[in-house]
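User: I would like to go through this structure with you, starting with the overall picture and then the pockets. Could you take my questions in turn?

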Amino acid sequence: MKITILATLLVFLAYFLLLYGAVGFIQDKRFFASAPQENLAAIPDRKERFRGAHALGWVIEGLAVLLFLGAAVLAVCGERHGRNQFGFGAFFARFLFMLYAMEVYDIVFFDWVLLCRSNFFPHFYPELKGVVGPHMFGYNKRTHLIHFAIYLPASAAAAALCTLLCT
């Protein structure tokens, strides 16, 4: 369970860094496809906020990808050399927990806190003052429901693959 929680926390950090690098430094609207349409309409196309901002953003994005990969390796191989060999059920539960926790993190932290209750997005895009707020919570609930449904077969497929590879 400790490895599952640690891998999940790595995913949370990676997910935040992915958002932070894109929103804070790269600032390319192509990365904001999941943002509400009224937000996209209010955001102008920008050049770098400061010299080297895009490069710094890409370094942050690269770090996020490495953290995602590290979490995956930890989730797959974390128990491999231990006393307990993981079976299908244990891998399935681990992957499902990690994916569902990531989705809840997205809903609670990204949507509720950052989008609806904080100054995160208006800090980087002053044009969003008055556009973002609590009224936006739930704008993407259909997407979240689809993710929750997709994570079941995805976890089963990953668990089956890990069971074949690790036993």
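**Overall picture and pockets**

Analyst: Of the 167 residues in the protein, 38% are buried. Please note that this is a predicted model.

User: How many helices and strands are there in the protein?

Analyst: The protein has 6 helices and 0 strands. Read from the N terminus, the order of elements is α-α-α-α-α-α.

User: And what box do the C-alpha atoms fill?

Analyst: Along the principal axes, the C-alpha atoms fill a box of roughly 55 × 35 × 25 Å.

User: On to pockets. What volume does the largest pocket have?

Analyst: The volume of the largest pocket is about 640 Å³. Its lining comprises 28 residues, and those nearest the centre are Tyr15, Leu19, Ser34, Phe110 and Tyr139.

User: Which helix gives the most to that lining?

Analyst: Helix H4 does, with 6 residues. At least two lining residues come from each of H1, H4 (88-117) and H6 (141-166).

User: How does the lining of the largest pocket divide by class?

Analyst: It has 18 nonpolar, 6 polar and 4 charged residues.

User: Tyr139 was in your list. Where does tyrosine 139 lie?

Analyst: Tyrosine 139 is in the loop between helix H5 (120-124) and H6. Its relative accessible area is 32%, so it counts as partly exposed. From its C-alpha atom to that of glycine 24 the separation is 22 Å, and the two residues are 115 apart along the chain.

User: What about glycine 138, where is its place?

Analyst: Glycine 138 also belongs to the loop between H5 and H6. With a relative accessible area of 24%, glycine 138 is partly exposed. Glycine 138 and phenylalanine 120 are 18 residues apart in sequence, and their C-alpha atoms are 18 Å apart in space.

User: Now the second largest pocket: what is its volume, and which residues lie nearest its centre?

Analyst: The second largest pocket has a volume of about 230 Å³. Its lining consists of 13 residues, with Val11, Ala72, Phe95, Met98 and Leu99 nearest the centre.

User: Which helix gives the most there?

Analyst: H3 gives the most to this lining, with 5 residues. Helix H3 (53-77), H4 and H6 each contribute at least two residues.

User: How do the residues of that lining divide into nonpolar, polar and charged?

Analyst: The lining of the second largest pocket has 12 nonpolar residues, 1 polar residue and no charged residues.

User: Changing topic to backbone geometry: which residue has a positive phi although it is not a glycine?

Analyst: Glutamine 27 has a positive phi, of about 50 degrees, without being a glycine. For context, most residues other than glycine have a negative phi.

User: Where is glutamine 27 found, and is it buried or exposed?

Analyst: Glutamine 27 sits in the loop between H1 and helix H2 (37-42). Glutamine 27 counts as buried because its relative accessibility is 5%, and the cut-off for buried is under 20%.

User: Last topic, the surface. Which residues make the nonpolar surface patch?

Analyst: Met1, Ile5, Leu9 and Phe97 make that patch, which covers about 400 Å².

User: Where is methionine 1 found, and is it buried or exposed?

Analyst: Methionine 1 is in the segment before helix H1 (2-26). Its relative accessible area is 62%, so methionine 1 is exposed; the cut-off for exposed is over 50%.

Terms used:
Residues are numbered from 1 along each chain as its sequence is written. This is a predicted model: local features need pLDDT of at least 70, side-chain atom pairs count only at pLDDT 80 or more; totals for chains, interfaces and linings use all residues. Side-chain values use heavy atoms; hydrogens and water are left out. Patches are made of residues with over 30% relative accessible area and no salt bridge: like charges are joined within 9 Å, nonpolar side chains (Val, Leu, Ile, Met, Phe, Trp, Tyr) within 5 Å. Accessible areas come from the Shrake-Rupley method with a 1.4 Å probe; for residues, only the protein chains shown count as cover. A salt bridge is a side-chain nitrogen of Lys or Arg within 4 Å of a carboxyl oxygen of Asp or Glu. Helices (H or I, at least four residues) and strands (E, at least two) are DSSP runs, numbered from the N terminus. Buried means under 20% relative accessible area, exposed over 50%, partly exposed in between (1.4 Å probe, protein chains only). On a 1 Å grid over the protein atoms alone, a cavity is a set of points where a 1.4 Å probe fits but cannot get out, and a pocket is an open set with protein on both sides within 12 Å along at least five of seven lines; lining residues have an atom within 4 Å of a point. Grid points are joined across faces, edges and corners, and a volume is the space filled by probe spheres set on the points. Ala, Val, Leu, Ile, Met, Phe, Trp, Tyr, Cys and Pro count as nonpolar, Asp, Glu, Lys and Arg as charged, and the others, Gly among them, as polar.
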